[in-house]
Each structure stands twice: as structure tokens, then as C-alpha cells.
Amino acid sequence: MATITKRFFNLRSVYSSSSLFNPSPLPPILHTHTHSCSSSSSPRTKTPLEKQFETWIQHLKPGFTPSDVDRALKAQSDPDLALDIFRWTAQQRSYKHTHLTYLTIIKQLIAGRRYQQAETLVEEVIAGACDSNIPLYNSIIRFCCGRKFLFNRAFDVYKKMLTSEDCKPNLETYSLLFNSLLRRFNKLHVCYVYLHAVRSLTKQMKASGVIPDAFVLNMIIKAYSKCLELDEAIRVFREMGLYGCEPNAYSYSYIAKGLCEKGRVNQGFGFYKEMRVKCLVPSTSTYVIIVCSLALERRFEDAIEVMFDMLSNSRSPDHLTYKTVLEGLCREGRADEAFELLDECKKRDIYMNEKMYNTLLNGLHFVCRE
């Protein structure tokens with residue numbers, strides 16, 4: 001046992017993977033061993049974590065397998081202790097970690113917020129430390145997509161999967177990558193930078209024979225719509241049936257919103273009416289864009305109809321939406337209708353407080369005096 005402990009602590013000094021022991025020039029057990037050689041005093045009492053480590057090492061009988069190590073790792077609630085066991089077993093003769101043990105330890109480190117240690121193991125896997133495995137690679141991609149500076153590493157893993165013999169990307173892989181790309185579509189000029197990646201990923205997915213689901217197809221539609229590439233978005237929308245998918249509220253909302261932003265308001269309004277026939281409810285942002293677009297084109301009856309529909313579905317217009325419709329009516333010489341509409345909206349909108357009402361009312365009086 002003394003030999004095992006000594007070998008483990010030599011390893012700890014290299015990896016510094018946990019906080020099992022107090023820092024010192026030599027690990028505490030080695031201090032104890034040195035002291036006991038020169039005097040007859042009893043060794044210090046081991047900490048609970050030291051005892052836990054030794055207990056689990058003793059449980060791993062000679063000739064232990066990756067399955068044995070996997071069970072030992074899963075039994076640990078302390079990610080540092082799990083990593084110590086993982087590192088110690090890696091140093092034993094005739095043993096090599098597999099995708100099974102790497103997947104378990106990486107998940108435990110992520111759950112325990114030991115991100116730096118997890119990154120180290122990810123690099124080992126990418127370098128070929130274990131056999132390839134789809135769940136392992138997808139877990140790594142998920143981790144990398146969630147870390148700002150590891151975004152490109154996720155695509156390195158994806159490329160590794162593309163070139164592998166038996167570990168090709170699956171639907172989960174593409175879902176993770178599309179979702180990661182879409183999170184970067186926050187500004188129009190940035191959208192175009194990542195749209196090329198979305199196009200390439202879509203082609204590779206089709207070429208590999210992976211059948212997309214509604215979630216993935218909606219992300220592709222959203223990418224095109226955000227970049228105002230509406231013809232491409234509508235093409236994907238029309239293809240959903242070919243993959244056995246039915247367009248849902250997200251599919252319609254992305255396209256209706258994008259068409260209105262593009263200036264194709266009538267077409268966007270058409271998608272809105274089609275989705276309402278199917279009892280699909282648009283998102284709040286989609287409602288707002290449609291209402292404002294119709295009002296700006298002086299189609300006030302349609303705008304008011306959509307706004308009332310919005311309120312009936314517990315979606316509340318913001319101040320700018322109300323202002324666009326109400327002041328637009330005033331400028332068209334329909335001031336009485338505007339004041340009546342404001343009072344009606346106050347009755348229907350449970351979220352309209354006195355401050356917003358008075359602000360809108362003052363705005364109407366000001367416009368009417370112009």
C-alpha cells in the first residue's frame with residue numbers, strides 16, 4: 001500500500017488535479033514516510049478524502065478493467081477525487097482508459113465546474129488518447145460550444161468525426177453545432193459571417209444522410225431569416241414535409257418576421273394568417289414586427305386586428321408598438337379613432353399601467369396639435 005500511495009502522490013505533483021492534500025514541498029504522505037524512517041513517532045492521521053482514495057484503490061483489484069474504473073468514477077461525488085482515481089489508474093501497467101472512462105470523468109468535471117481540468121482531458125481525447133465514440137464526441141462538442149474560447153474546438157471535433165470510419169456525426173451533433181452558430185447571430189453584419197458555416201453544415205448533413213428534425217430545420221430557417229435571405233428560408237420551410245416534419249409556430253414566426261423586416265409585408269402577413277388558421281400563436285416579437293409593419297404601410301385595420309389578436313393571446317405590445325399605431329391614426333386624420341383605440345387597449349391589456357397610458361395619451365394630444 002505504501003508503494004501505491006507513493007506512486008500516486010508523485011503523479012499528483014505533476015498534474016495538481018485536486019485539493020485532497022495541503023500544499024507542501026513534499027506530499028504529506030511522503031513527509032510521513034521520511035519522518036518514520038528516522039524516528040519511531042507514529043504517522044499523522046489521514047484525512048477523510050485520503051482514506052476515500054485509498055479505499056477505492058483497494059477496491060480496484062489487479063487486472064481491473066475500464067468498466068471497473070467507470071464504476072469507481074461514477075461512485076464519486078467529489079470530482080477531484082474522481083480525477084485522482086482516473087489519473088492513478090492511467091499509470092498502471094496493462095491498463096488503458098477507453099471512451100467509457102473518459103466520458104464519465106469529463107461529465108463529472110463539467111458538473112463539478114472543474115472546467116480547466118475538463119479542457120485538459122478534451123485535448124487528450126482529440127489527440128487520440130482513447131477510441132472514438134459518438135456520445136463522447138458529442139459531449140465534448142456540447143462542452144466546447146458552451147465555452148466562449150472553445151467554439152472553434154467544437155468544429156475540430158466535428159471534423160475528426162467526419163474523417164472517422166465508425167464515428168460519423170449524427171443528428172445530435174448537428175443540433176449542437178447549429179444551435180451554437182445561431183447564438184452568434186446577434187447583429188446583421190455578424191450573421192453573414194456565420195451564414196456560410198450554416199450553409200456548409202447543411203450541405204454536409206444532407207451528404208452524410210442525416211435526416212434533420214423540426215428543431216434543426218427551424219434553426220436553419222431562423223439563420224436565413226435573420227440574414228434576410230427569405231427565399232432560402234421559405235425553400236427550407238417548404239421542404240419540411242419531405243423530412244416528415246410539420247412547420248410549427250417557430251417556423252412561421254421566423255419567416256413572417258423576416259419578410260416584414262425585409263419589406264415584404266404582404267407576404268409576411270400572409271404567413272401570419274396561415275399560421276393563425278392552424279391555431280399556431282406567433283411570438284411576441286413577431287406580433288410586434290407585423291403590427292408595426294402594417295401600421296407603417298397605413299394598413300391600420302389589419303394592424304389593429306393583429307394587435308387585438310395579440311392581446312387575446314396574452315401577448316402585450318410594447319410602448320413603441322402602441323405609439324406607431326395610435327400616432328399613425330392621428331396623422332391620417334383619424335384622431336377620434338386613435339383615442340377610442342387607446343381606451344379599448346387599456347381595457348384589454350392587463351399589463352398597461354397608468355404611466356404607459358398617460359404617456360401614450362400625451363403623445364396623441366401632442367400629435368393632434370401639430
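What is the mean pLDDT of the protein chain, and what share of its residues reach 70 or more? The mean is 87, and 86% of residues reach 70 or more. Here pLDDT is the predictor's confidence in each residue, from 0 to 100. The model is predicted: local features need pLDDT of at least 70, side-chain atom pairs count only at pLDDT 80 or more, and totals for chains, interfaces and linings use all residues. Residues are numbered from 1 along each chain as its sequence is written, and side-chain values use heavy atoms, with hydrogens and water left out.

Over residues 1-40, pLDDT stays under 50. The model has 54 contacts beyond four places in sequence for this stretch, a contact being heavy atoms within 4.5 Å. Where pLDDT is low, the predicted coordinates should not be read in detail.

The largest nonpolar core has 109 residues. Such a core is a set of buried Ala, Val, Leu, Ile, Met, Phe, Trp, Tyr and Cys residues joined through side-chain atoms within 4.5 Å. Buried means under 20% relative accessible area, exposed over 50%, and partly exposed in between (1.4 Å probe, protein chains only). I105, L136 and F178 have the most contacts inside the core. Leaving aside residues up to four places away in sequence, I105 touches L73, A82, L83, F86 and L121.

T173 sits in helix α10, residues 171-182. Helices (H or I, at least four residues) and strands (E, at least two) are DSSP runs, numbered from the N terminus. T173 is buried because its relative accessibility is 0%. Its contacts, not counting residues up to four places away in sequence, are N138, I141, Y158 and M161.

On a 1 Å grid over the protein atoms alone, a cavity is a set of points where a 1.4 Å probe fits but cannot get out; a pocket is an open set with protein on both sides within 12 Å along at least five of seven lines; lining residues have an atom within 4 Å of a point. Grid points are joined across faces, edges and corners, and a volume is the space filled by probe spheres set on the points.

The largest pocket has a volume of about 320 Å³. It is lined by 20 residues, and K222, K226, Y254, K257 and S285 lie nearest its centre. Two or more lining residues come from each of α11 (188-207), α12 (214-226), α14 (249-262) and α16 (284-296). Helix α14 gives the most, with 7 residues. By class, the lining has 8 nonpolar, 7 polar and 5 charged residues. Ala, Val, Leu, Ile, Met, Phe, Trp, Tyr, Cys and Pro count as nonpolar, Asp, Glu, Lys and Arg as charged, and the others, Gly among them, as polar.

The structure also holds 2 cavities of 30 Å³ or more. The largest cavity contains about 50 Å³ of space. Among its lining residues are T202, L217, R235 and Y243. Helices α11, α12 and α13 (230-239) each give two or more residues to this lining, which has 6 nonpolar, 1 polar and 3 charged residues.

Two loop residues other than glycine have positive phi. Phi of L228 is near 60°, and that of R298 is near 65°. L228 is in the loop between α12 and α13, and R298 in the loop between α16 and α17 (300-312). L228 is buried, at 19% relative accessible area. R298 is exposed, at 58%.
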